[in-house]
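Dear colleague,

I am handing over the structure below for your records. My notes on strand pairing and on the nonpolar core follow it.

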Amino acid sequence: RTDRIVARRASYRVLSKTLAAEQVTFATEDGKVEVDAPQLDWNMSEGKLDLPRGGTARNGSGWSAQVPEARIDLPGEVLTADHAVLSFPGLLVAGSGLTWRWKDGTMELASPESRVLPEPLRSNRGKGGAP
């Protein structure tokens, strides 16, 4: 894999193949997901990342997930979190049990609480745009 990480501060342990980093931006190999986090612990042997202090993940189509903590399985191409807030222009979904499979292009919450935020969808009103 050729995933990319940019961090303010990082330490790499050669024998255990682990990386601990702070103020991190992580991008997957295919560029489908980018994650900003205050802290990241990466077990490179297993391809597992832990975000113990949470972060924000996003993809190129406008989806983002804010999580208080999360785990990323690189070989499985999945991000999981016990709690999350998912957003897309015009939609906000909060809940628990997030599973984001970016290879499949799917996101699901085991127990969602949803509300539609119509303001971004009506941004053309009053400016000569269609209702």
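In this predicted model, Ile72 stands opposite Leu79 in β8. The two strands concerned, β7 (residues 70–73) and β8, run antiparallel and are joined by three bridges. They form a hairpin with four residues between them, and Glu77 in that turn has a positive phi of about 50°.

Strand β8 (residues 78–88) also pairs with β6 (residues 64–67), again antiparallel and through three bridges. Here Gln66 is the residue that stands opposite Val85 in β8.

On the β9 side, ten bridges link β8 to β9 (residues 91–101), and these strands likewise run antiparallel. Phe88 stands opposite Leu91 in β9. The hairpin formed by β8 and β9 has two residues between the strands, and Gly90 in the turn shows a positive phi of about 95°.

Turning to the nonpolar core, the largest one comprises 26 residues, of which Phe26, Val35, Ile72, Leu79, Leu98 and Trp100 touch the most other members. At least two residues of this core come from each of β2 (18–27), β3 (34–43), β4 (48–51), β6, β7, β8 and β9.

Which residues does Val35 contact, leaving aside its neighbours within four places in sequence? They are Val24, Thr25, Phe26, Leu51, Thr56, Ala57 and Ile72.

Yours sincerely

Notes: Residues are numbered from 1 along each chain as its sequence is written. This is a predicted model: local features need pLDDT of at least 70, side-chain atom pairs count only at pLDDT 80 or more; totals for chains, interfaces and linings use all residues. Side-chain values use heavy atoms; hydrogens and water are left out. Two strands pair if DSSP finds at least two bridges between them. A nonpolar core is a set of buried Ala, Val, Leu, Ile, Met, Phe, Trp, Tyr and Cys residues joined through side-chain atoms within 4.5 Å. Buried means under 20% relative accessible area, exposed over 50%, partly exposed in between (1.4 Å probe, protein chains only). Contact means heavy atoms within 4.5 Å.
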